[in-house]
Amino acid sequence: MSGIVIAPSHYLLGIDLGTSYSLVAAFDGLGEPVVLEIDGTKEVPSVVSFSEGHRYLVGQKAKRLARIAPDRTVSSIKLKLKDPHYRLETLGQAYTPADISALILGYLRDGAQRSTAADWRGNLTRCVISVPANFGPAEREQVVRAGQLAGLEVIGLINEPTAAAIAYGFDRVNEDSRLLIYDMGGGTLDVSVVKVRSRPGKANELRVLASNGLDVGGDNFDELILRHLADKLQAGTGIQLLDLTAKDHLEIDKKRELQALFRSEAERMKRELSESEHTVTWLPNLLDTSAYPGVSFDAELFRSQFEPMIQPLVQATEEVINKSLAQAKLSREQIDKAVLVGGSTHIPLVRRFVAEVMGRAPYGDLDPSTCVALGAALYAYALTVPGEEPPLVDINSYSFGIQASGWGFTELIPKGAELPGEYTKTFTTVADEVTFLNINVYSNEQGNRRVTDPGMKLLGQFTIDGLPPRKAGEVKVEVTFRLNEDNILEVSARLPGRADSEAGITIGKR
Ligand SMILES: Nc1ncnc2c1ncn2[C@@H]1O[C@H](COP(=O)(O)OP(=O)(O)OP(=O)(O)O)[C@@H](O)[C@H]1O
Ligand SMILES: [Mg+2]
């Protein structure tokens, strides 16, 4: 037990369910949020390793097993929450991304109970979980489900960059200000622009003005170092580490094992380069087979080699900053503070880049690895203050609409709309004598125009019937989209003035 005393009124958790690492925060006896240490670490690897008899390990132990049993070990499951068909099949069992996320959340919950001195019995279950800003209603529903499976009561979800803004903005900023949050984690970069309004005697009010993302992060940097190491291995031994089908003399299983080992070495080297100019790896007795007798491996990497490797990827994020500033209708000069969030912002090149683009040193009072969890806990608290709404207005990250005639997409809710929001459009029939209409509800991630385009996702469908049989264009149908603070989307359709004709669907139910 670490002996942290939790204030009894604060039996609440904030959980940062990350692609590579997850963190959990609770409130200490003084009412300050703190990140809890679980099995010796605040950053719990989001890794699960299965073994016979429905047993499994989570976190650091599972990450170590990734090297020995890569086929029974799963990491980065968060990226799979977007794929409704994904199943991990191992040892005769099939697991959904929500099932696996639930095991991670359950481990965090149990760890939180152990690491505090409080008696959590019957108290611990309430939490807020952070999610990427670009998660749609369906992915959010999966996260809530994972929380329920883990025995948690999910009282809310919060967008990750918004959570970081809360960690800074609720009480650390004393005057009205505008923040740009640059959150680069393992799999993704999120940039948000947030306006903070100070209110005398109360927590500040936050309003998200813009939010955009790009799939660039620490995993990509690991991959570049991995390639560097693989090239060196090939030069010495002829082994093509990254090509499972290459004709060398290494079995596939062994190669998978080596890949996992090299990947974790690559990540370790990358982290070391954030602190020092030079790093080495030394893997004695790597192989000892008849084809590869007595192979050891060593390699070194200088920061001066690493930086040009990642430079183009980092540079590509400037566009995301520009887009977010444009969406917020602000210039760089109008931003008071650029805030760094996410593990990858420990990298000196990334910090220099943001400083250069924003024309000022980034602001970083808080540890970029922990502020999302802290913000999630603060938001959980804000949700439980009786009689008060949390002082926060967030926006949705992409547009929603329906399939119109043919394959066209008609937008009802624009990207960047404030939550909650309600939008109505009237449609007319395009064929004679129709008595019903099928309404297909789509989310549109990339601002495309046809429902068959990339980034379009069918969220659900329903039918409105009882239309009077008339000529094309003579019958009107009103379609209404309502999106609430939790990104739950309600869609309904009705004949004007005829409440009894209403039909509809809710996406992202709790
Ligand atoms: N000191 C460091 N130097 C360089 N990279 C680091 C350092 N610490 C952590 N990272 C990298 O940061 C990434 C993880 O960051 P973070 O925990 O913010 O992401 P995540 O929350 O798991 O992912 P995401 O936010 O994309 O879901 C990993 O790629 C990790 O290697
Ligand atoms: Mg994160």
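Predicted model: local features only at pLDDT ≥ 70, side-chain atom pairs only at ≥ 80, totals over all residues.
How many residues surround ligand 1, and which are the closest? Local features were kept at pLDDT of at least 70 and side-chain atom pairs at pLDDT 80 or more, while totals for chains, interfaces and linings use all residues. Residues are numbered from 1 along each chain as its sequence is written, with chains lettered from A and ligands numbered from 1 in the order in which they are written.

**View 1. The shell around ligand 1.**
Here 22 residues surround ligand 1, and the closest are Gly18, Thr19, Gly185, Gly218 and Gly343. A residue gets into this shell if its C-beta atom, placed from the backbone, lies within 6 Å of the molecule. Two elements give two or more residues each: α5 (218-237) and α6 (252-275). Of these, α6 gives the most, with four residues. Helices and strands here are DSSP runs numbered from the N terminus (helices are H or I, at least four residues; strands are E, at least two). By type, the shell has two nonpolar, 15 polar and five charged residues. For that tally, Ala, Val, Leu, Ile, Met, Phe, Trp, Tyr, Cys and Pro are nonpolar, Asp, Glu, Lys and Arg are charged, and the others, Gly among them, are polar.

**View 2. Domains and the ligand.**
The protein chain splits into domain 1 (8-216 + 316-393), domain 2 (218-311) and domain 3 (399-507), with bounds from an automatic or database domain assignment. Ligand 1 lies between domain 1 and domain 2, because both give residues to its shell. The centres of domain 2 and domain 3, taken over C-alpha atoms, are 51 Å apart.

**View 3. Strand β12 and its partners.**
Six of the eight residues of β12 (residues 177-184) are buried, so the strand is mostly covered. Buried means 20 or more other C-beta atoms within 10 Å of a residue's own, exposed means 12 or fewer, and partly exposed is in between, with C-beta atoms placed from the backbone. β12 pairs with β13 (residues 189-199) in the antiparallel sense over eight bridges; pairing takes at least two DSSP bridges between the strands. The two form a hairpin with four residues between them, and methionine 184 has leucine 189 as its bridge partner in β13. β12 also runs parallel to β17, joined by five bridges, where leucine 179 is partnered by lysine 337.

**View 4. Alanine 338 in β17.**
Alanine 338 is found in strand β17 (residues 337-341). Is alanine 338 buried or exposed? It is buried, because 22 other C-beta atoms lie within 10 Å. Leaving out residues up to four places away in sequence, alanine 338 touches Leu180, Tyr182, Val354, Met358, Arg360, Pro362 and Tyr363; contact means C-beta atoms, placed from the backbone, within 7 Å. Glycine 359 is 21 residues away in sequence and 9.6 Å away in space, C-alpha to C-alpha.

Four bridges join β5 (residues 47-51) to β6, and phenylalanine 50 is bridged to tyrosine 56 in β6.

How values were computed. Contact = placed C-beta atoms within 7 Å.
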